[in-house]
Amino acid sequence: MLGEVTPEVGVVAAGIFGLLIGSFLNVVIYRLPKIMERQWARECAELTSKPADAEATETFNLLVPRSRCSSCGHAIRWYENIPVFSYIFLRGKCSACGTPYGLRYPVVELVSGALFCFCAWRWGLTVTALLWFGFAAALLVLALIDWDTTLLPDDITLPLLWAGLIVAALQWNPSVNLGNALWGAVAGYLSLWLVYWAFKLVTGKEGMGYGDFKLFAALGAWFGWAALVPMILMASVIGAVVGIAMKFSSGLREGGYVPFGPFLAGAGLTAMVFGPQSILRFIGL
(Lines give C-alpha, C1' and ligand atoms only; values in the text may rest on other atoms or scores of the structure.)
Protein backbone atom coordinates (compact mmCIF):
# COMPACT_ATOMS: atom_id res chain seq x y z
CA MET A 1 0.00 0.00 0.00
CA LEU A 2 2.80 2.41 0.90
CA GLY A 3 4.36 1.79 -2.50
CA GLU A 4 1.24 3.29 -4.19
CA VAL A 5 1.60 6.60 -2.33
CA THR A 6 3.38 9.29 -4.35
CA PRO A 7 6.37 11.00 -2.69
CA GLU A 8 4.51 14.31 -2.55
CA VAL A 9 1.51 12.79 -0.77
CA GLY A 10 3.87 10.99 1.59
CA VAL A 11 5.62 14.23 2.53
CA VAL A 12 2.29 16.00 3.16
CA ALA A 13 1.01 13.08 5.24
CA ALA A 14 4.22 13.05 7.26
CA GLY A 15 3.89 16.79 7.85
CA ILE A 16 0.34 16.44 9.16
CA PHE A 17 1.47 13.55 11.36
CA GLY A 18 4.34 15.72 12.59
CA LEU A 19 1.95 18.52 13.53
CA LEU A 20 -0.13 16.08 15.58
CA ILE A 21 2.96 14.63 17.25
CA GLY A 22 4.18 18.17 17.91
CA SER A 23 1.01 18.88 19.86
CA PHE A 24 1.77 15.86 22.04
CA LEU A 25 5.42 16.91 22.39
CA ASN A 26 4.21 20.16 23.95
CA VAL A 27 2.49 18.05 26.60
CA VAL A 28 5.66 16.01 27.20
CA ILE A 29 7.81 19.15 27.47
CA TYR A 30 5.51 20.64 30.08
CA ARG A 31 4.52 17.55 32.05
CA LEU A 32 7.54 15.25 32.14
CA PRO A 33 9.62 17.50 34.46
CA LYS A 34 6.60 17.86 36.76
CA ILE A 35 6.12 14.08 36.77
CA MET A 36 9.77 13.70 37.77
CA GLU A 37 9.43 16.28 40.54
CA ARG A 38 6.39 14.49 41.96
CA GLN A 39 8.23 11.18 41.84
CA TRP A 40 11.16 12.72 43.74
CA ALA A 41 8.75 14.16 46.30
CA ARG A 42 7.19 10.72 46.88
CA GLU A 43 10.63 9.11 47.22
CA CYS A 44 11.76 11.76 49.71
CA ALA A 45 8.58 11.23 51.70
CA GLU A 46 9.23 7.48 51.82
CA LEU A 47 12.84 7.98 52.96
CA THR A 48 11.84 10.41 55.71
CA SER A 49 8.72 8.42 56.70
CA LYS A 50 6.62 11.52 56.17
CA PRO A 51 3.35 11.70 54.25
CA ALA A 52 3.74 13.02 50.71
CA ASP A 53 1.99 16.19 49.64
CA ALA A 54 -1.44 15.72 48.10
CA GLU A 55 -0.14 17.11 44.80
CA ALA A 56 2.59 14.46 44.66
CA THR A 57 0.10 11.61 45.10
CA GLU A 58 -2.67 12.67 42.72
CA THR A 59 -2.84 11.08 39.28
CA PHE A 60 -0.68 13.08 36.90
CA ASN A 61 0.89 11.66 33.77
CA LEU A 62 1.14 12.43 30.07
CA LEU A 63 -2.53 11.58 29.52
CA VAL A 64 -4.29 12.46 32.78
CA PRO A 65 -5.65 15.01 33.62
CA ARG A 66 -6.88 16.74 30.48
CA SER A 67 -4.95 19.79 29.33
CA ARG A 68 -6.15 22.95 31.04
CA CYS A 69 -5.44 26.66 31.05
CA SER A 70 -2.85 27.23 33.77
CA SER A 71 -4.52 30.52 34.69
CA CYS A 72 -8.24 29.75 35.01
CA GLY A 73 -8.34 25.93 34.82
CA HIS A 74 -10.48 25.87 31.67
CA ALA A 75 -10.40 22.36 30.15
CA ILE A 76 -9.10 22.51 26.58
CA ARG A 77 -11.76 21.19 24.19
CA TRP A 78 -10.77 18.99 21.25
CA TYR A 79 -11.44 21.73 18.70
CA GLU A 80 -9.24 24.09 20.73
CA ASN A 81 -6.36 21.64 20.45
CA ILE A 82 -5.97 21.32 16.68
CA PRO A 83 -2.28 21.96 15.92
CA VAL A 84 -1.52 25.53 14.76
CA PHE A 85 -5.05 26.21 13.50
CA SER A 86 -6.61 26.38 16.96
CA TYR A 87 -3.87 28.75 18.09
CA ILE A 88 -4.58 31.05 15.13
CA PHE A 89 -8.36 30.82 15.59
CA LEU A 90 -8.09 31.60 19.32
CA ARG A 91 -5.47 34.29 18.61
CA GLY A 92 -3.12 32.56 21.02
CA LYS A 93 -5.37 33.08 24.03
CA CYS A 94 -7.51 31.00 26.37
CA SER A 95 -11.12 31.07 25.17
CA ALA A 96 -12.34 31.40 28.76
CA CYS A 97 -10.09 34.00 30.41
CA GLY A 98 -8.06 35.46 27.55
CA THR A 99 -4.67 34.56 29.05
CA PRO A 100 -2.01 34.27 26.29
CA TYR A 101 -0.77 30.72 25.71
CA GLY A 102 2.65 31.64 24.35
CA LEU A 103 4.12 31.26 20.88
CA ARG A 104 6.12 28.15 21.73
CA TYR A 105 3.15 25.80 21.26
CA PRO A 106 2.59 26.40 17.53
CA VAL A 107 6.34 26.75 16.93
CA VAL A 108 6.99 23.28 18.37
CA GLU A 109 4.17 21.88 16.22
CA LEU A 110 5.51 23.56 13.08
CA VAL A 111 9.10 22.46 13.72
CA SER A 112 7.94 18.90 14.36
CA GLY A 113 5.90 18.95 11.14
CA ALA A 114 8.86 20.32 9.17
CA LEU A 115 11.24 17.69 10.53
CA PHE A 116 8.80 14.90 9.72
CA CYS A 117 8.36 16.32 6.20
CA PHE A 118 12.12 16.25 5.73
CA CYS A 119 12.39 12.64 6.91
CA ALA A 120 9.63 11.53 4.53
CA TRP A 121 11.23 13.48 1.66
CA ARG A 122 14.65 11.94 2.27
CA TRP A 123 13.75 8.36 3.20
CA GLY A 124 10.21 7.99 1.90
CA LEU A 125 7.47 6.29 3.91
CA THR A 126 9.82 3.61 5.20
CA VAL A 127 10.88 2.14 8.52
CA THR A 128 14.00 4.29 8.32
CA ALA A 129 11.88 7.44 8.13
CA LEU A 130 9.82 6.33 11.13
CA LEU A 131 13.00 5.83 13.13
CA TRP A 132 14.22 9.33 12.28
CA PHE A 133 10.77 10.68 13.21
CA GLY A 134 11.38 9.34 16.69
CA PHE A 135 14.95 10.67 16.77
CA ALA A 136 13.87 14.18 15.77
CA ALA A 137 10.97 14.23 18.23
CA ALA A 138 13.20 13.08 21.09
CA LEU A 139 15.82 15.77 20.43
CA LEU A 140 13.18 18.49 20.16
CA VAL A 141 11.73 17.50 23.54
CA LEU A 142 15.14 17.18 25.20
CA ALA A 143 16.28 20.57 23.95
CA LEU A 144 13.29 22.41 25.38
CA ILE A 145 13.09 20.51 28.66
CA ASP A 146 16.78 21.17 29.27
CA TRP A 147 16.39 24.85 28.38
CA ASP A 148 13.48 25.19 30.81
CA THR A 149 14.71 23.06 33.70
CA THR A 150 18.38 22.04 33.04
CA LEU A 151 17.17 18.42 33.10
CA LEU A 152 17.77 15.78 30.45
CA PRO A 153 15.42 12.96 31.51
CA ASP A 154 16.77 9.40 31.45
CA ASP A 155 13.31 8.38 30.23
CA ILE A 156 14.28 9.90 26.87
CA THR A 157 18.10 9.89 26.67
CA LEU A 158 18.56 6.21 27.51
CA PRO A 159 15.90 4.86 25.08
CA LEU A 160 17.40 7.16 22.44
CA LEU A 161 20.84 5.65 23.09
CA TRP A 162 19.59 2.06 22.97
CA ALA A 163 17.51 2.79 19.88
CA GLY A 164 20.62 4.02 18.05
CA LEU A 165 22.48 0.82 18.89
CA ILE A 166 19.56 -1.42 17.96
CA VAL A 167 18.97 0.42 14.68
CA ALA A 168 22.64 -0.06 13.78
CA ALA A 169 22.56 -3.74 14.79
CA LEU A 170 19.52 -4.38 12.58
CA GLN A 171 21.16 -2.42 9.72
CA TRP A 172 18.22 -0.01 9.49
CA ASN A 173 20.67 2.90 9.39
CA PRO A 174 22.85 2.18 6.32
CA SER A 175 25.37 4.91 7.15
CA VAL A 176 26.38 3.49 10.55
CA ASN A 177 27.21 -0.12 11.38
CA LEU A 178 27.08 -1.61 14.87
CA GLY A 179 30.80 -1.16 15.51
CA ASN A 180 30.67 2.55 14.67
CA ALA A 181 27.53 3.00 16.72
CA LEU A 182 28.97 1.20 19.76
CA TRP A 183 32.23 3.14 19.76
CA GLY A 184 30.33 6.31 19.02
CA ALA A 185 28.28 5.78 22.17
CA VAL A 186 31.38 4.96 24.23
CA ALA A 187 33.36 7.92 22.90
CA GLY A 188 30.42 10.29 23.27
CA TYR A 189 29.91 9.44 26.91
CA LEU A 190 33.57 9.27 27.95
CA SER A 191 34.60 12.48 26.16
CA LEU A 192 32.16 14.68 28.10
CA TRP A 193 32.71 12.67 31.28
CA LEU A 194 36.44 13.46 31.08
CA VAL A 195 35.72 17.14 30.39
CA TYR A 196 33.36 17.22 33.37
CA TRP A 197 35.95 15.82 35.78
CA ALA A 198 38.80 17.92 34.40
CA PHE A 199 36.72 21.08 34.85
CA LYS A 200 35.63 20.04 38.33
CA LEU A 201 39.19 19.26 39.47
CA VAL A 202 40.45 22.61 38.20
CA THR A 203 37.58 24.85 39.33
CA GLY A 204 35.77 22.83 41.97
CA LYS A 205 32.53 23.38 40.05
CA GLU A 206 30.35 21.19 37.87
CA GLY A 207 30.36 22.45 34.29
CA MET A 208 27.64 20.12 32.99
CA GLY A 209 25.35 17.31 34.07
CA TYR A 210 25.36 13.58 33.46
CA GLY A 211 22.43 13.97 31.11
CA ASP A 212 24.77 15.68 28.65
CA PHE A 213 27.01 12.59 28.66
CA LYS A 214 24.06 10.33 27.88
CA LEU A 215 22.73 12.59 25.15
CA PHE A 216 26.13 12.80 23.44
CA ALA A 217 26.46 9.02 23.73
CA ALA A 218 23.06 8.69 22.02
CA LEU A 219 24.21 10.96 19.19
CA GLY A 220 27.33 8.81 18.84
CA ALA A 221 25.16 5.72 18.56
CA TRP A 222 23.05 7.26 15.79
CA PHE A 223 25.84 8.86 13.76
CA GLY A 224 28.99 6.91 14.67
CA TRP A 225 32.16 8.01 16.39
CA ALA A 226 33.47 10.05 13.43
CA ALA A 227 30.53 12.47 13.70
CA LEU A 228 31.22 13.37 17.32
CA VAL A 229 33.90 16.00 16.65
CA PRO A 230 31.77 18.07 14.21
CA MET A 231 28.76 17.91 16.53
CA ILE A 232 30.62 18.89 19.70
CA LEU A 233 32.34 21.73 17.84
CA MET A 234 29.03 23.09 16.60
CA ALA A 235 27.36 22.77 19.99
CA SER A 236 30.30 24.44 21.74
CA VAL A 237 30.63 27.36 19.31
CA ILE A 238 26.92 28.16 19.18
CA GLY A 239 26.54 27.61 22.93
CA ALA A 240 29.40 30.03 23.61
CA VAL A 241 27.94 32.67 21.28
CA VAL A 242 24.49 32.38 22.88
CA GLY A 243 25.96 32.42 26.38
CA ILE A 244 27.99 35.58 25.67
CA ALA A 245 24.97 37.27 24.08
CA MET A 246 22.79 36.41 27.09
CA LYS A 247 25.46 37.67 29.48
CA PHE A 248 25.66 41.07 27.80
CA SER A 249 21.87 41.28 27.63
CA SER A 250 21.50 40.22 31.29
CA GLY A 251 19.53 37.20 30.17
CA LEU A 252 21.45 34.57 32.12
CA ARG A 253 19.48 32.74 34.80
CA GLU A 254 20.55 32.59 38.42
CA GLY A 255 24.03 31.07 38.67
CA GLY A 256 25.11 32.48 35.31
CA TYR A 257 24.88 29.25 33.30
CA VAL A 258 23.44 28.12 29.98
CA PRO A 259 22.32 24.48 29.58
CA PHE A 260 24.40 22.58 27.02
CA GLY A 261 21.75 20.02 26.03
CA PRO A 262 19.84 22.28 23.61
CA PHE A 263 23.02 22.90 21.61
CA LEU A 264 23.88 19.19 21.51
CA ALA A 265 20.33 18.48 20.34
CA GLY A 266 20.60 21.23 17.72
CA ALA A 267 23.85 19.73 16.45
CA GLY A 268 22.17 16.32 16.23
CA LEU A 269 19.27 17.69 14.20
CA THR A 270 21.70 19.57 11.94
CA ALA A 271 23.63 16.33 11.40
CA MET A 272 20.39 14.54 10.52
CA VAL A 273 19.38 17.15 7.94
CA PHE A 274 22.70 18.17 6.40
CA GLY A 275 25.13 15.44 7.46
CA PRO A 276 27.82 15.60 10.15
CA GLN A 277 30.59 16.85 7.86
CA SER A 278 28.51 19.82 6.72
CA ILE A 279 28.68 21.11 10.28
CA LEU A 280 32.41 21.80 9.86
CA ARG A 281 31.69 23.95 6.83
CA PHE A 282 28.88 25.68 8.72
CA ILE A 283 31.20 26.82 11.50
CA GLY A 284 33.97 27.68 9.06
CA LEU A 285 36.36 24.73 9.53
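Me: What follows helix α5, and what is its phi?
Reply: Thr150 follows α5. In this predicted model, the phi of Thr150 is positive, near 60 degrees. Thr150 is a residue other than glycine. Its place is the loop between α5 and α6 (154-169).

Me: Why is Thr150 called partly exposed?
Reply: Its relative accessible area is 34%. Buried needs under 20%, and exposed needs over 50%. The value 34% falls in between, so Thr150 is partly exposed.

Me: What makes the span of helix α5 close to the expected one?
Reply: Helix α5 covers residues 127-149, which is 23 residues. The expected span takes 1.5 Å times one less than the number of residues. That gives 33 Å for α5, and the helix reaches 33 Å from its first C-alpha to its last.

Me: Why is Val84 called buried?
Reply: Val84 has 14% relative accessibility. The cut-off for buried is under 20%, so Val84 counts as buried. Val84 sits in the loop between α2 and α3. Its phi is positive too, near 65 degrees.

Me: What kind of peptide bond joins Val64 and Pro65?
Reply: A cis peptide bond joins them, with omega about -5 degrees. Pro65 is in the loop between α2 (54-57) and α3 (85-89).

Me: How many aromatic pairs does the structure hold?
Reply: It holds 18.

Me: Why is the pair of Tyr189 and Phe213 called edge-to-face?
Reply: The ring centres are 5.5 Å apart, and pairing asks for centres within 6.5 Å. The planes stand at 85 degrees. Edge-to-face asks for over 60, so the pair is edge-to-face.

Me: What does the pair of Tyr189 and Phe213 tie together?
Reply: Tyr189 lies in helix α7 (residues 178-203), and Phe213 lies in helix α8 (residues 210-223). The pair therefore ties together parts that are 24 residues apart in sequence.

Me: What makes Tyr196 and Tyr210 an edge-to-face pair?
Reply: Their centres are 5.5 Å apart, with 70 degrees between the planes. The limits are within 6.5 Å and over 60 degrees, so Tyr196 and Tyr210 form an edge-to-face pair. Tyr196 lies in α7 and Tyr210 in α8, so parts 14 residues apart in sequence are tied together. Tyr196 is buried, at 4%. Tyr210 is partly exposed, at 36%.

Me: How do you know that Arg38 lies over the face of Phe60?
Reply: Arg38 is 4.2 Å from the ring centre of Phe60. The distance limit is within 6 Å, so this value passes. Arg38 is listed as lying over the ring face.

Me: Why is Thr270 called buried?
Reply: Thr270 has a relative accessible area of 18%. Buried is under 20%, so Thr270 is buried. Thr270 lies in helix α10 (residues 261-274).

Me: What makes Gly266 a polar contact of Thr270?
Reply: The backbone oxygen of Gly266 lies 2.8 Å from a polar side-chain atom of Thr270. The distance limit is within 3.5 Å. Beyond residues up to four places away in sequence, Thr270 touches Met234, Gly275 and Ile279.

Technical notes
Residues numbered from 1 in each chain as written. Predicted model: local features only at pLDDT ≥ 70, side-chain atom pairs only at ≥ 80, totals over all residues. Heavy atoms only, no water. Phe/Tyr/Trp six-rings, centres within 6.5 Å; stacked < 30°, edge-to-face > 60°. Helix = DSSP H or I, 4+ residues; strand = E, 2+ residues; numbered from the N terminus. Buried < 20%, exposed > 50% of the residue type's maximum accessible area, 1.4 Å probe, protein only. Lys NZ or Arg CZ within 6 Å of the ring centre and 35° of its normal. Polar contact = N/O pair within 3.5 Å; in protein donor to acceptor, adjacent residues only side chain to side chain. Contact = heavy atoms within 4.5 Å.
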